[in-house]
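Student: I have a structure to study and some questions about it. Can we work through them one at a time?

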Protein chains: 2
Amino acid sequence: MPSQHGYALLGMLSLHPMSGYDLKELIDRSIRYFWKEGYGQIYPTLKALEAESLVMREVEHHAGRPDRFVYHLTEQGWEALRAWLMQPTFTITPTRHELLLKLYFGRHASAATLLPQVEQYRAIHEHLLQQYNAIEGHLLHDHPEYAADVPYWVLTLHHGQQICRAMILWCDETAQMLRASQDPA
Amino acid sequence: MPSQHGYALLGMLSLHPMSGYDLKELIDRSIRYFWKEGYGQIYPTLKALEAESLVMREVEHHAGRPDRFVYHLTEQGWEALRAWLMQPTFTITPTRHELLLKLYFGRHASAATLLPQVEQYRAIHEHLLQQYNAIEGHLLHDHPEYAADVPYWVLTLHHGQQICRAMILWCDETAQMLRASQDPA
DNA sequence: GTTCGCATGTAAAGAGTTACATGATTGT
DNA sequence: ACAATCATGTAACTCTTTACATGCGAAC
């Protein structure tokens, strides 16, 4: 039974066979908004997946280049991926939100010090939203060979967009409240 | 310079002096939606805060009860809290979202297996939203002595509410897409 | 000749969670 | 008697991140 990291790699390898290096690159260009992996995670995980016969490695030699170990899913790997997709998902509530923590104790700060932090939070989500929108616009054009996958990828983009929009609204409301609290009126 | 945990405890102690046990209890009843601490974190952190003279402990003896170590902020503690509130916030993007990971590879699963997972995600947020609403309704009534803090606490509730509403919308849209994909039509 | 990109990995440090240890009182 | 609550802490463990090690080729 692979770990969550294992399933992430199995999923990525379902797109096409890849090396550990490629996996890192692709993850950073695709699912990075909700999933990150480093080499320190990828290489040992690939080894474990191979030991479980869920992936197979093949060596590619290139003259005057480092060898590449290209991994592809085995039939058992496909099976494990499908089995995982069917399992109920443990939703981990992401705890630890520093800005909320600060706002919770906001009474002891001035609006002038809190407002920029809220504005920055807003800017981050505004920027993210534009990134999501841009990606959505190019998705089909950039990856015509994955047309069957694109609708699913769009779902994950919409998730991010919804959150960004919600956060922008919240920032505006929060900024208004903070401004009102400092208003002498 | 305290850690993030340290600031969370300083903030809590700004409400009123407390023991480590009380801190855990109060955190679990107030900021648990965006901040969690266990005893394994609280007690060592209190020790560190005391070593930095940001808090002071006083011993309370109770006949036939364990001693209580009640901590309160020192003047330096108040200063550290205010200084932290002014610092720019490092927004940590919470990475690792298993449901999105599954949906990303959703092509290899049937809508029938993905839909319940989306529905469960929706139910969680629906439930959370109702909790937030209930808390908001009782907040002032339950804590009249913290009337000056309540507006800030409400801000953090609204944050949660916005996210829940966004997620409910997203789930509905996602469910619709999944149903359409399995429709023979 | 120095840096950047390809390519694979290991080791150590840091953070976080969970389980355990203790011990008294109060309620069932 | 037995479980639960109050109360403080430690130890172990896992999980994650970061830094390091290596080496070649191509570009600047």
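The questions below go from the interface between the chains to the core and the salt bridges.

Student: What kind of model is this?
Tutor: Keep the origin of the coordinates in mind as you read. This is a predicted model.

Student: How many residues of chain A are in contact with chain B, and how many residues of chain B do they meet?
Tutor: Contact here means heavy atoms within 4.5 Å. By that cut-off, chain A and chain B each bring residues to the interface, and the counts are 67 residues of chain A and 67 residues of chain B.

Student: What area is buried between chain A and chain B?
Tutor: Carbon and sulfur atoms give 65% of that area. On the side of chain A, A:Arg96, A:Tyr104 and A:Tyr152 supply 12% of what the chain buries against chain B, more than any other three residues. The area buried between the two chains is about 7,100 Å².

Student: Which element gives the largest share of the side of chain A that touches chain B?
Tutor: The rule finds 37 residue pairs in polar contact across this interface. The elements of chain A that give two or more residues to the side touching chain B are α1, α4, α5, α6 and α7. The largest share is 18 residues, and it comes from α7(A).

Student: By class, how many nonpolar, polar and charged residues are on the side of chain A that touches chain B?
Tutor: Sort the residues of that side by class. The count is 36 nonpolar, 21 polar and 10 charged.

Student: How many salt bridges cross the interface of chain A and chain B?
Tutor: A search of the whole structure finds 18 salt bridges over all chains. One that crosses between the chains joins A:Arg96 to B:Glu37, with the closest N and O atoms 3.4 Å apart. Across the interface, the rule finds four.

Student: Where do B:Arg96 and A:Glu37 lie?
Tutor: Their side chains meet in a salt bridge, 3.4 Å from N to O. This pair crosses between chains: B:Arg96 is in the loop between α4 and α5 of chain B, and A:Glu37 is in the loop between α2 and α3 of chain A.

Student: Is A:Glu37 buried or exposed?
Tutor: Buried means under 20% relative accessible area. B:Arg96 has 28% relative accessibility, so B:Arg96 counts as partly exposed. A:Glu37 has 5% relative accessibility, so A:Glu37 counts as buried.

Student: How many residues does the largest nonpolar core have?
Tutor: In soluble globular proteins, nonpolar side chains tend to be buried together. Here, A:Leu10, A:Met12, B:Leu10 and B:Met12 have the most contacts inside the largest core. Leaving aside neighbours within four places in sequence, B:Leu10 is in contact with residues including B:Leu49, B:Leu54 and B:Val55. The largest nonpolar core has 114 residues.

Student: How many residues apart are A:Arg122 and A:Glu126?
Tutor: Their side chains meet in a salt bridge, 2.5 Å from N to O. A:Arg122 is partly exposed at 22% relative accessibility, and A:Glu126 is partly exposed at 29%. Both lie in helix α6 of chain A, about one turn of the helix apart, which is four residues.

Student: Which residues do salt bridges join into one network with A:Glu60?
Tutor: A:Glu60 forms a salt bridge with A:Arg68, the closest N and O atoms being 3.4 Å apart. A:Glu60 is partly exposed at 32% relative accessibility, and A:Arg68 is partly exposed at 27%. Salt bridges that share partners join A:Glu60 into one network with A:Asp22 and A:Arg68.

Definitions and conventions
Residues numbered from 1 in each chain as written. Chains lettered and ligands numbered in written order. Predicted model: local features only at pLDDT ≥ 70, side-chain atom pairs only at ≥ 80, totals over all residues. Heavy atoms only, no water. Buried area = accessible area lost by both parts, 1.4 Å probe. Polar contact = N/O pair within 3.5 Å; in protein donor to acceptor, adjacent residues only side chain to side chain. Nonpolar A, V, L, I, M, F, W, Y, C, P; charged D, E, K, R; others polar. Core = buried A, V, L, I, M, F, W, Y, C linked by side-chain atoms within 4.5 Å. Buried < 20%, exposed > 50% of the residue type's maximum accessible area, 1.4 Å probe, protein only.
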